[in-house]
Structures are given as C-alpha cells and as structure tokens.
Amino acid sequence: MKFYFFHLMPYRHLPDNFSEEHHSVWVDIPSNLLDPRKTGELYDEYIDELVLASTLGYDGVCVNEHHQNGYGLMPSPNIIAAALARQTKDVAIVLLGDSIALYNPPTRVAEEIAMLDCMSGGRIVAGFPVGTSMDTNYCYGQNPVTLREKYREAEQLITRSWAEPEPFAFNGRYTQLRYVNIWPRPIQQPRPPIWIPGGGSVETWDWVCERGHMYAALSFSGFKRSQKTFEEFWPVVDSYDLPRNPYRAGIIQFIGVGDSEEHAEELYAEHIEWFYNKTQHVYGGFIDAPGYRTEKTIAGGFTTEYTDVRIIERKWAQLIDEGVIIHGSPEQVTEKLEWLVKEINLGVIMVMAHFGSMPHDLAEYNMTRIAREVIPNLRHVHSEWEDEWYPQHARRAPGA
Amino acid sequence: MPEPQQRLVRTFDGAVEVPVRITGEGPPLLYLHGPFGLVEDEFIAALAAGATVYAPSPPGFEGSEGAEFVHEDVTEITLHHDDLLRALGLDGPVDVVGHSFGAFLAEEIAAFYPSRVRRLALISALGLWLEEAPQPDLFGLTPGTLARTIFADIESPAARRMFTPPADREEARLWNRARRRGLIGAAKYLWPLPDKGFRRRAYRVRAPTLLLWGSEDAVVPPGPYVDAYRALLPDATAEVLPGAGHMLVEEQPAEAARAVLSHLRGA
C-alpha cells in the first residue's frame, strides 16, 4: 500500500455565518473576506505540514489546483510544489494536478513539470484533471462544450513534448505550434507518471485505460460511494485486458485518529462539519455549466442537481454514516482501511489528515498518529504488485 | 393555411442535421429561436398568418445530429445557416427574424451574407457587451433565478408554462433533456460572454432592421443596448413593448408578431 498526504489548503478564517450571508464559496466569493497577511501565515503552516508529512513516512505529498475560492488556496499547485521540491527529500510530489486545458500553450505545463522534476531529482507525479466546472468554465472562461476535447489534445501535446527528442510541429485544433522543443526535460524518462483525477465519469475510465494512466478518484462523498465507483471501474480495466493492479487506482479519504471513536469525534467533528458546511457552499448555478457533462454521460442517466437552494448542512453522524470520514483509535482505523483497500482493490490512499478549520497542532497530531500507528500496519497489503505509477527517483517505503 | 410540417435539413456536406418547422403562407421568413428551444408556439402561429415561417433549431438543440462537427466560432455557425438556406431552396433575399440567441445568429447572417437578408428583426438581441451595462450570466443561474431574470412577471401563464415540467415522468425527462440540450447548444456559441465581434461587422448589414425589445428586459436592458444597436445600425427602427421582459415572444406574442410583420411589410 501507498499513502499520500493530501492538502487542500482551505482559507480557514471564513466568518462563522459565511454560508448564510454569502452567495458562494467559489467563483464570486467576496474578496474582502480574505486577509493576505493571514493567508501568508496559512501558507507557512500548510507547507510545514506537507514537509512534516514527508518526514513521517508518507510516500508522497499531494497538491492541487482550484481558482477563486475559499476551499483551497492553490490556484497554482506548481508554486507550492516548487517550495516542496526544495524542502522535502525522498518522497513523491504529486501534482493533482495541473488543469491542462487552461494553459495556452499547454507546453507551459510541460515546462514547469520538467523544471520541478529536475529540481526534485525526479520525484514528480504529473496529475492532469479536467477541472471542475467552477474552475474551468466560470473562473477561467473555458467553453464547456469543447473543454474535454481541448483537455485531451493538451495531454497529447504535453506527453509528446516530453518524449520526442527532436523539435516538432503540432497542428492541433486548440493549439498550433511550429516548434515544440521544451527545455529543460524531465529527469524521469520517458516521462513522469501520470495520474488522472476524476469524479466517476465512464469516459475517463476508458481513457485512463487507453493511455495507461493511474486513476485518482477525488470524491468527498466517502468510501461507500467509492465502493460503487470501483465496482464499475475494475470491469472496465478487465475489458482492456489490463491486470487489476491495485496501484492503478486511488481514493481520497478523510481520516481522524484519536484514542477512541468518542475522542476522535471530540477532536475532529467541528472541522469536518466546517469543511462541508462552508467549503461546499457552492451556488447551484456554478456546479455544472451547460455542456460540461458530455451527451454520453447525460444519456447514461447522469442528472445534475439543478435546484435553487443548495444547502449542504451535514452533521457528524451523517458523515460517519456515509463513510466520509474514517475515525477512531489507530486499531479501529487500521481495521476499516484494511477491509476497504482489499474490498475495492486499492493500492493508493490519499489521506486527508488536515481538513476544514483544523488548527496546525491538531493537524500535526492527526497526521503523526496516522503515519506511526496506522500506515505501518497496512504496508504489506498488495505488496505482490509492482507500483508502476510511482516516480522513478522517489524513495519507496519498506514494503510499499 | 397548409399544415405545419417538420423537415430535417443537412448542412456541412451532410455531417450535420437540424430540424426545421415550416408553417404559414406568404413570403419566406427565417425565424431563429432563443436558447430555450422553440417554445414560442403562439408567436410562430401569429407570424405564420403573414409569412411562410422556416424555424430551424441550431446544431446541438433537441432533434439535431452532428453538432460536434460545427466549431464554436461564429464563422462556422454562420456557414451552417448559409448551407441551411440553400438546402431549403431560399436563395433569394429572405426576411430574417431572431430572438435572443437567435438574434445573435440572425445579425451574423446579415453581416456575413448581406445579400441574403431582405429585412431583419432583432428581438431582445444578444451579441453586444457593454461595460456600463453588464448582462446577467444566463448559463450560471439556477432555474428559479433564471425565470425571474427572463420574465417580467414570473407568475404569468407564459412563465409558468415554461418552467413547469410535464407531470409524466418520462415526458419530464425528455423535457429536461431538451431544455438542457438547448442551453448547451447556445452556450457553445456564447460562452463566456455574448460578444463575438458583431460590432466590427455591423457596417456590412444592409437590411432595414427592427429592434424589438421588452421594456423590462433584465437580460439585455433596452436603454443601453437598443442605443448601442442604433449606433451600429443607423437605419434601424426601435420598438419597445411596455411590460414585457426578455421572453417577450412568449409574454406578448400577438403584439410582438404584429410589430415584426408590420416591419417586414415595410409599414
């Protein structure tokens, strides 16, 4: 098994009445709610947490890209990754990732990842999300109808730009370049491993199988939803005659460790509720731009929750019930995780050990206990498989 | 009057197919509907009293095929309409009327192919963006807010009809899908702002033009936008219907059709 420490970097100073008073946490969040000096302090705290994770025995650290929102302070994950390349040793740095349809030309992303790979000694994972509708369509003005085609073209261009030894011309529909010849080149050859974050659309599964990429299911709906996702995912892998290598897939999971379930509730309930009730307060009109879902997905029965009032008021008990957070003593958490990763055949857990309004000392406590008292008990699971999606020059933890 | 008929018309050398409703008697009139699909039955019927109305749906809308073949820029969708007019045998100048997104399409036909358009009527037209009068984001609103934005009175029968899904589950699913496909078809050409450069091409429009607006249009406020169109189309005449919103073709179909037909007759 491999375990990564995943940080969203929330702006945890939102006012208590944020959801009642404000339209949306994403896209049109009022700028006067943000204090740049406090933001600087948060970057310090959060980068310190990522660096700490790299010393505790996590296999890697994950950063991600979101725009114009209080849910995450990383419009550019590459900037945080640059700090981590210098401040961490050994572990993988997972960009999860760069929304490649947003960059013109997309070779900019190829260049930055190549820089990061050189700076980190070959420890980069390149993650390429399509991006949420809020980020891509509403914040970055991308046409929702052509977004996915543009994204796929960008992936072709970037992977080719790392692989081809000679300058080449690229005649795409969205990007035309006479001379593609990026400098520097990544240390990892033919390229860094590629992870594709997704929210469960069938076409993405086909595509990761065709392209040989890893699938990172980034749902915050909990492991019960993940179970359903992977009941459908693995048969798709079979249909491409690919082995069910557990490292081909990962999930994100909130984890809260204490001395007991009650203790964990005492420590973490308010912070996970804050995460849902504040950072998921997104105006319904921004969730799913017309055309963001493909006709195939809509025809397959996907319906948008297209309602006027979108109240996400979730309480601890409900979050436990849905499997959003796995909590309890180290033994209880170990037992549940072991069952889960065997049940759905997963080799990768992206651990959310900091979430919502959690202060720095509690984040350190949680991530440390997970690293020392949970992860070592699970290293042996899936050890018969080779992880083909781990950076060539990151350190493999014993048994992973 | 002959029975309304539905024809399927192919463009782009057969790659794209769109449905065209044909109804009425008289000189040909190309009618291009708004982003919610062809819902304005009464308005069409009133126009059909004085014209043969050809009402196509653009690629992407319900009943169309091959929308992905047409790129999202304005030249491609306007080429599509040139192909469409030829396929319909409408080679001489025709009257062109458009509402909302349909007016955006109509004004481009008049700018790219001035000799194809005899007279032009732009109703609640999208196609310009004024810094001093920013428009609401039609594609980023929940249904309730959308209803309040496009109708002057959300309690009106027209508003209720448009925002009440059929009771039958399967019909409601199809209704939802048609509505969604319409928004997708329109968003493709209007995203993220409904200004694709008509301002630069407006000088090419030769057809006498009617600017028909609702006084309460909260999408494209008549004050600044009618003025802006008049500045671009010096020979245009304007008529503002009191009490109507952006959906005036549904809110005041008889008055709207009267204004359009009298303009087309040159009165």
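The phi angle of Asp90(A) is near 75°, a positive value in a residue other than glycine. Asp90(A) counts as partly exposed because it has 16 C-beta neighbours inside 10 Å; by the convention used, a residue is buried if 20 or more other C-beta atoms lie within 10 Å of its own, exposed if 12 or fewer, and partly exposed in between, with C-beta atoms placed from the backbone. Gln68(A), which is not a glycine either, has a positive phi of about 50° and is placed in the loop between β2 and α3 of chain A. With 18 C-beta neighbours inside 10 Å, Gln68(A) likewise counts as partly exposed.

Residues are numbered from 1 along each chain as its sequence is written, while chains are lettered from A and ligands numbered from 1 in the order in which they are written. Because the model is predicted, local features need pLDDT of at least 70 and side-chain atom pairs count only at pLDDT 80 or more, whereas totals for chains, interfaces and linings use all residues.

Chain A contains 13 helices and eleven strands, and its C-alpha trace spans about 60 × 50 × 45 Å along the principal axes. The radius of gyration of chain A is 20 Å, in agreement with the value near 21 Å that a compact globule of 400 residues would have; this radius is taken over C-alpha atoms, and the globule rule is 2.2 Å times the number of residues to the power 0.38. Buried residues make up 48% of the 400 residues in chain A. Of the contacts in chain A between residues at least 6 apart in sequence, 77% join residues at least 24 apart, a contact being a pair of residues whose C-beta atoms, placed from the backbone, lie within 7 Å.

Chain B has ten helices and eight strands. Its radius of gyration is 17 Å, close to the 18 Å that the globule rule gives for 267 residues, so chain B is as compact as a globular protein of that length. The C-alpha trace of chain B spans about 45 × 40 × 40 Å along its principal axes, and buried residues account for 51% of the 267 residues. For contacts in chain B between residues at least 6 apart in sequence, the share that joins residues at least 24 apart is 72%.

Helix α2 of chain A (residues 36-56) has 21 residues and reaches 30 Å from its first C-alpha to its last, close to the 30 Å expected at 1.5 Å a residue, the expected span being 1.5 Å times one less than the number of residues. The buried residues of α2(A) are Tyr46(A), Glu49(A), Leu50(A), Ala53(A) and Ser54(A). Seen down the helix axis, these buried residues fall within an arc of 140°, so they line one face of α2(A); the arc is that of the directions from the helix axis to the C-beta atoms. They pack against β1 (2-6), β2 (60-63), α3 (77-87) and α13 (360-378) of chain A. On the face turned away from this buried side, α2(A) carries the exposed residues Arg37(A), Gly40(A), Glu41(A), Asp44(A) and Thr55(A). The helix is followed by Gly57(A), whose phi is positive, near 115°.

The largest nonpolar core has 192 residues, and those with the most contacts inside it are Tyr4(A), Phe5(A), Val61(A), Val351(A), Leu47(B) and Val260(B); such a core is a set of buried Ala, Val, Leu, Ile, Met, Phe, Trp, Tyr and Cys residues joined through C-beta atoms within 7 Å. Helix α3 of chain B (residues 101-112) gives the most to this core, with eight residues. Leaving aside residues up to four places away in sequence, Val61(A) touches several residues, among them Tyr4(A), Phe5(A), Leu50(A) and Ala53(A).

Two cis peptide bonds are described in chain A. One joins Asn104(A) and Pro105(A), with omega about -5°, and Pro105(A) is found in the loop between β3 (92-96) and α4 (107-119). Another joins Trp183(A) and Pro184(A), also with omega about -5°, and Pro184(A) is found in the loop between β6 (176-180) and β7 (194-198).

Notes:
Helix = DSSP H or I, 4+ residues; strand = E, 2+ residues; numbered from the N terminus. Contact = placed C-beta atoms within 7 Å.
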